[in-house]
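Good morning, and thank you for coming. Please look at the sequence and the structure on the screen while I describe them.

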Amino acid sequence: MLAKVLSSAVLGVDAYTVEVEVDIALGLPSFNTVGLPDVAVKESRDRVKAAIKNCGFDFPPRRITVNLAPADIKKEGAAFDLPMAIGVLAAQGMVKPDRLSEVLVLGELALDGLVRPVRGALPMAVAGAEAGLQGIVLPVDNAPEAAVVKGIKVYGVHSLSETVGILNGEITIEPTTIDLEAAFAESSQYAVDFTDVRGQEHAKRALEVAAAGGHNILLIGPPGSGKTMLAKRLPTILPPLGLEEAIQTTKIHSVSGLLPPRAPLIAIRPFRAPHHTISDAGLIGGGNIPRPGEVSLAHHGVLFLDELPEFKRHVLEVLRQPLEDGQVTIARAATSLTYSASFMLAAAMNPCPCGYLTDPQRECGCTHGEIQRYLSRISGPLLDRIDIHIEVPPLRYRDMTAETAGEPSPVIRERVRRARAIQAERFKKSKIFCNAAMSPKQIRRYCQAAGEGQRLLETAMERLGLSARAYDRILKVARTVADLTHEETIRPEHIAEAIQYRSLDRGIRRA
């Protein structure tokens, strides 16, 4: 007695179809799973047996062999519980084979036969649609995210018994559908806003420039100055996510098991803030079976590194590839996976070990050597990839008690969106989409400083001792400042503002 059920598994952030073959033969009772299953898949036999019995079906006291094809790719997770159970029942003639070749089946089984949610439902639905299948049967909690995919019917089920009824045509349920516009409108609201921030107008402006040009930014200031509060509101002024971006972001969160229950899409820019004790595998991804790290979870959003010098140096160095390429490749003996990792880096740090170097109200007790050693924890190659360094001063009392609120995030976001539109038109024939990604050749073409602006740059280079890398970054940031004012020519005031955003190059001064 042989039955075949179609299921799916995730490899990286994409999925592929898996054929679950169940053979019931004469012999001593046993349940063997082959096809490179991991521990969770091997343990399915106990869950499947208990679920079948507790749902009132007969479990055959025979020799049962389950093959997961293709057999040369390692399978992991509990999503094969439901297709295995359906395969066992189909091999006994309890499930009609008619629809088993037309739908994907996936889900984790509880011992009482209830179906629990699984990871990766969205990419699995995409794989089913690309394979030309008619439908996908999966846990009801995963149905909304799978329903985002067009061209495949999504059936959310609560239990093994219900799944059997649907496949046998005894139970009829309507496919789950999603109104994408309504889902976007419902899920695209941020819980924070720039009106929550009092004062710090200079830092707010720097964040607006960073968002407009896609520039990485470093906030430097004493404890309690509002660096983290400002950084958390950076996603609220980035351009809204498009549908394709939202699907890519949702796929990564889905395979990581971080998508909220019954949430169809992630419609806001992600904000990830890992602790400084994180490992390099936690940051860029890894493990025996590679999983996305924080840089991938921040795809199309913001990765915030608070207390930047406290991160291990080798952990920070692994950021160089994703910052440069917008993706990260994890190589293992069995496989090599590439995850998307296009994000804005926002970081925060104190100006010295005690934090009060620039605070006029507190005395700093750090020596010059201690300060230099503290700042040198951040390598030059990493600083090369951060265009804006901005000092965040302590908040004054009159700013904290001011009754007038600052600009709301939607107002700032609209200015950012218009600046990004200018850049999209400028770079429409190239593979980049914002000023931060300009190559040296593009900088020479689009960032020409005329007359007085060129003299201002020359003076800054000589008097402030700015490096060659700072020169290019000043020009890129000045180009973004000009885009925010819709000016084609980079003016001296644009360059002057860009120079102010190079605090580390100018040197941090005591208060």
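I begin with Gln 423, which is buried, with a relative accessible area of 0%. In this talk, buried means under 20% relative accessible area, exposed means over 50%, and partly exposed lies in between, with a 1.4 Å probe and protein chains only. The model before you is a predicted one: local features need pLDDT of at least 70, side-chain atom pairs count only at pLDDT 80 or more, and totals for chains, interfaces and linings use all residues. Residues are numbered from 1 along each chain as its sequence is written, and side-chain values use heavy atoms, with hydrogens and water left out.

Gln 423 belongs to helix 18, residues 409-426. Helices (H or I, at least four residues) and strands (E, at least two) are DSSP runs, numbered from the N terminus. Which residues does Gln 423 touch, not counting those up to four places away in sequence? They are Ala 212, Gly 213, Phe 433, Cys 434, Asn 435 and Asp 483. Contact here means heavy atoms within 4.5 Å.

Turning to the whole protein, there are 23 helices and 18 strands. The C-alpha trace spans about 90 × 50 × 45 Å along its principal axes. Of the 511 residues, 52% count as buried. Among contacts with a separation of 6 or more, 74% are between residues 24 or more positions apart.

Ala 69 and Pro 70 are joined by a cis peptide bond, with omega about 10°; Pro 70 lies in the loop between strand 4 (63-69) and helix 3 (81-91). Gln 200 has a positive phi, near 55°, although the residue is not glycine. Its loop runs between helix 7 (180-187) and helix 8 (201-213), and Gln 200 counts as buried because its relative accessibility is 10%. Glu 307 also has a positive phi near 55°. This residue is placed in the loop between strand 14 (302-305) and helix 13 (313-317), and at 25% relative accessibility Glu 307 counts as partly exposed.

Finally, I come to the surface. Lys 441, in helix 19 (residues 440-446), counts as exposed because its relative accessibility is 64%. Together with Lys 429, Arg 444 and Arg 445, Lys 441 forms a positive surface patch. Such a patch takes residues with over 30% relative accessible area and no salt bridge, like charges being joined within 9 Å; a salt bridge is a side-chain nitrogen of Lys or Arg within 4 Å of a carboxyl oxygen of Asp or Glu.

Conventions. Patches are made of residues with over 30% relative accessible area and no salt bridge: like charges are joined within 9 Å, nonpolar side chains (Val, Leu, Ile, Met, Phe, Trp, Tyr) within 5 Å. Accessible areas come from the Shrake-Rupley method with a 1.4 Å probe; for residues, only the protein chains shown count as cover. Lys and Arg count as positive and Asp and Glu as negative; His and the chain ends are not counted. The place of a charge is taken as NZ of Lys, CZ of Arg, CG of Asp or CD of Glu.
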